[in-house]
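Keep the sequence and the 3D view open as you go.

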Amino acid sequence: MGASTLLLTGNIDTIAQMSCNPAIGGQAKGQIVREIDALGGEMAINTDVTGIQFRLLNESKGPAVQSPRAQCDKKAYQFRLKHTLELQPNLQVFQATVTGLIFAAGKVVGCQTSLDIEFLGQTVIITTGTFLRGLMHVGQNKNEGGRLGDFSAKSLSSSLLEAGIELQRLKTGTPPRILGRSINFTGLQEQKGDLAPTLFAFHDTRDPEDLFHVEPTGERRLGWKPGSEQISCWMTYTTPESERIVRENLHKSAMYSGEIVGVGPRYCPSIEDKFVRFADKPRHLLFLEPEGRSTNEYYINGLSTSLPFDVQVDLVHSIPGLEQAALLRPAYAVEYDFAPPTQMFPSLESRKVENLFLAGQINGTSGYEEAAAQGLVAGVNAVRKVRGENPMIIQRHEGYIGVLIDDLVTKGTTEPYRMFTSRAEHRLLFNHGSAELRLYQHSLNCNLLSLSRLGRIRQKALAIEYWENYIETMKTAGGIWAEKIRRSEPLNELPAGFLAQPKEVREETLYRVRYRGYLEREQRQIEKLKDVEKIKIPSSIDYLAIPGMRRESALKLHQFRPENLGQAARISGVNPADISILMVLIAAANRSQSRPPAAG
Amino acid sequence: MSFPSDTIAALATPVGTSAIAMVRASGAQVATLATEIFGATPLPRTVRHADYRDARGQLVDDVLFTYFAAPNSFTGEDTLEISCHGNPFIVQKILEDLLARGCRAAEAGEFSKRAFLNGRMDLSQAEAVMDLIHARSERALAAANLQLRGSLGRHMNSLISQLINILAEVEAYIDFPDEDLPTADRKAVLRDLDVLTTATSRLLATCHYGQLLREGIKTVILGEPNAGKSSLLNRLVGHERALVDPEPGTTRDYLEELILAGPHALRLIDTAGLNLSPSPLEKRGIEKSLEQAAEADLFLWVIDTTRPLPVLPPVVAARLSAANTIAVFNKCDLPAVSPDLLPYNFSSVKISALTGRGLEALQAEISRLADGFKVGVGDELIAINVRHAHALEQAKQSLEAAHQKLSLGITSELVASDLRVSLDALGQISGKIDNEKILDRLFSSFCIGK
Ligand SMILES: Nc1nc2c(ncn2[C@@H]2O[C@H](COP(=O)(O)OP(=O)(O)OP(=O)(O)O)[C@@H](O)[C@H]2O)c(=O)[nH]1
Ligand SMILES: [Mg+2]
């Protein structure tokens, strides 16, 4: 977009450092990464080039919910992204801890840093991750910091509070890291990467110069071909002994002893939670995930805990394969401040402070992908704000990013928010391969991709349309192609011209043909919803004066001032009966307006 | 934007002469009105006795009145209820006076509309009130009353919670594939789906009964020409509604009248006599009779006892059964020729449409059969309306589609898609169901995630 931008970070060397496991994608998140790529983001290409294991999840559950996932080389991922930033024109990167914001006339105009250097800007984006008053727990032991070995952003919170932004606490956790050569892999089940890896970036439309990898010498070159030389993960399980250890030491866990006030995610339960809340489950699955090619560090996925270190050691040793494991870093829980996201507009701009944008964990989300998506949207909208352009708002039916932001700003969240495919009502439209096509209009309008790439996407869309139409109308022995496909009849050969198309064109065409009935059903529902979105709420409305509307709803509506009924209905705390009242009132108001004015 | 603020007034009890009538006024002016009419500022929710004097100071009646302050009233607005003597003349006087004092005459259902607008009732309750207003029989009233108290809402909640359970299982399997879910048991899901489909059908089945309650039981009088069908209709209606003549073939076109039989409302339909060798004109009449018979709920088969036993056309005979037919042996004031023995197991009643003999027995028999149409859910009387039925039908179809896909092993994303369509359909009755509900269920029942 070409805007002059400054990136401030507390430590340049930890840009794009993955605090949790070095895995990108997975259910719904994989689709988000492809959407990020469709909007010109870096995450997909960075993952492809530094990935060490690629797997397509949900293969048997249908093409729409299939999600790519990759295990990355933690250091390679980080180096490449830092290098990408260094190469970015108009971007200045500088190391300094932001200590506060500078306001003028209710707007943010810049920030202060620990170096006593002030920076001014027309818009400011805050992405604090888990660092905002970050507090780490290992049993009773507490350390300030957003990540083991890192600092905590302590004074920024007061600046936000001062500006009228409400803050709350969340909690997340991470498991122990162990030394690979201390693991006994015999008897453990191996999980290999896919032979034909599914990559994240749209290599069919991307410009080829994106494919590089950064060598320790700082040299850019293709280190390993995306998806080649994959490394395996390994599976093991907890034992009855593990359960005994956890139960006997429960009172020492930071979470169970009341040390932690922040709310943790329900979908990523600590091992304490797993044994306590799901006592009927005899054992819990754990993955041993390598953290890179040039390290022997392994991540025990599934063993997040805030038990004291000595208990962690016993716990790890109670697990098959890990009897002799050497711990490199302990598991810990981290608490941090977040700003309940209902305080933002759908553009991710704060409602309280003009020109202030928020993205990532500060908005209550968890996950690299959710954070990256918000960072991208906030970045685009901050630039558009400066230029006086309308914000880019991705709709709920256009992609997971749309669902993510709409959920955040209309419903808020009480736990770290993670995307699931089940959060999307139009999930069948969100197959990962269609991300570029779904979001084309946005990347075109906001100038997010190179002209050459936009052209290639357009060509791809045309080819898909052509072949979809061809298959829907052309006959072959035994009927029209499309019907044979939908009846899942064995197809000896599809038209030769079609088979000559690139894989991306073929797959998307067949998806559309195969799911035609369902996709049309989704479209009908979207149209129906759009009707509600079309019902504009007069801006003159005084919610607090509507007789009998529940107080909570009236206050929420008054606060959010939704533009249409669809938005109003999604605001948390506004109940359907109140929406009905609103609907009837608007209808009545429209009716009285359309009446001819009385004479005199 | 403005909100309803004018004060409306109307008679709240049924029109006609009864001991007590109640006039209701609702709106912002009510407190002022009460002070004007009765001289003192009224205490809310207290029954007071007072003279009602019109604007010119003339005494109209001595009345009881109650003032309800907003929002604790039926409409959610300030409300005044005036109970006067049930003389239509007095009621008229009071209403005229209220209008003279600045009230507006309420439109039909306007009190309910305001109650709805003011959040005093949900959509299904508001619908029930409309049903109450239009209730044609005691039974319809009972059903509408029950719905008003939320019995439909309760049943809907039960369906929705079952469906969310099922959906959560399918979704868990999609969103957390790495984990070995304890309930990847497809058979259990299929069983749950069966149970849910049955429950949905049971609720759906009350639709027809609901229609019977709201619109009346469609009751067709049929029989040979001259058997006395029109005479019977006139008897049941209570006045000369249909033309009666000694000449067979008098009734050419069908004719409908609404009557009450005990607690039930009946749409009584007189038809042209069924003649086995009709003239062309009669033939058209008979075709219409058959059309009516095809969608009837109840049949009164009138048989002339002074003539040999008639034979029914097979198309008609096929529709008749002991549950829906009464054999009415008419003209029993005259000597009988045919024995009252029929080759069917229908219940029978002997009457004379001319003298009125046996009419009570016939009404009792009609009531008994009509009771048999009652479709309850459990021992509760529920009668859904057509809008509900439409949504339930859609829900049911999607449940069946999901069931089929699941048993054929078709991908779970499509199974989930059908289940969601079904959930949306149920949401049309009880309000939109948020995705969060599914996730809440999912997190509380499954140990998922890493
Ligand atoms: N004695 C006697 N005559 C009756 C009785 N019911 C009907 N009738 C007479 O039978 C004749 C036919 O009566 P309708 O009521 O017109 O008969 P219907 O079945 O409607 O005849 P169509 O319309 O011609 O099919 C009239 O002359 C009636 O007065 C009865 O109970 N007793
Ligand atoms: Mg007749």
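**Exercise 1.** Is B:Thr200 buried or exposed?

*Solution.* B:Thr200 counts as buried because its relative accessibility is 1%. Buried means under 20% relative accessible area, with exposed over 50% and partly exposed in between (1.4 Å probe, protein chains only).

A quick note before going on: this is a predicted model, where local features need pLDDT of at least 70 and side-chain atom pairs count only at pLDDT 80 or more, while totals for chains, interfaces and linings use all residues. Residues are numbered from 1 along each chain as its sequence is written, chains are lettered from A and ligands numbered from 1 in the order in which they are written, and side-chain values use heavy atoms, leaving out hydrogens and water.

**Exercise 2.** Where is B:Thr200 found, and which residues is B:Thr200 in contact with, leaving aside neighbours within four places in sequence?

*Solution.* Start with the helix: B:Thr200 is in H7 of chain B, residues 186-215 (helices are DSSP runs of H or I, at least four residues, numbered from the N terminus). Next, the partners are B:Leu159, B:Leu392, B:Lys396 and B:Leu399, where contact means heavy atoms within 4.5 Å.

**Exercise 3.** Which polar side chains does ligand 1 meet?

*Solution.* First, a side-chain N or O atom of B:Lys229 is 2.8 Å from an oxygen atom of ligand 1. Then look at B:Asp333: one of its polar side-chain atoms lies 2.9 Å from a nitrogen atom of the ligand.

Key. A polar contact is a pair of N or O atoms within 3.5 Å; within protein, one must be able to donate a hydrogen and the other to accept it, and residues adjacent in sequence count only if both atoms are side-chain atoms. Helices (H or I, at least four residues) and strands (E, at least two) are DSSP runs, numbered from the N terminus.
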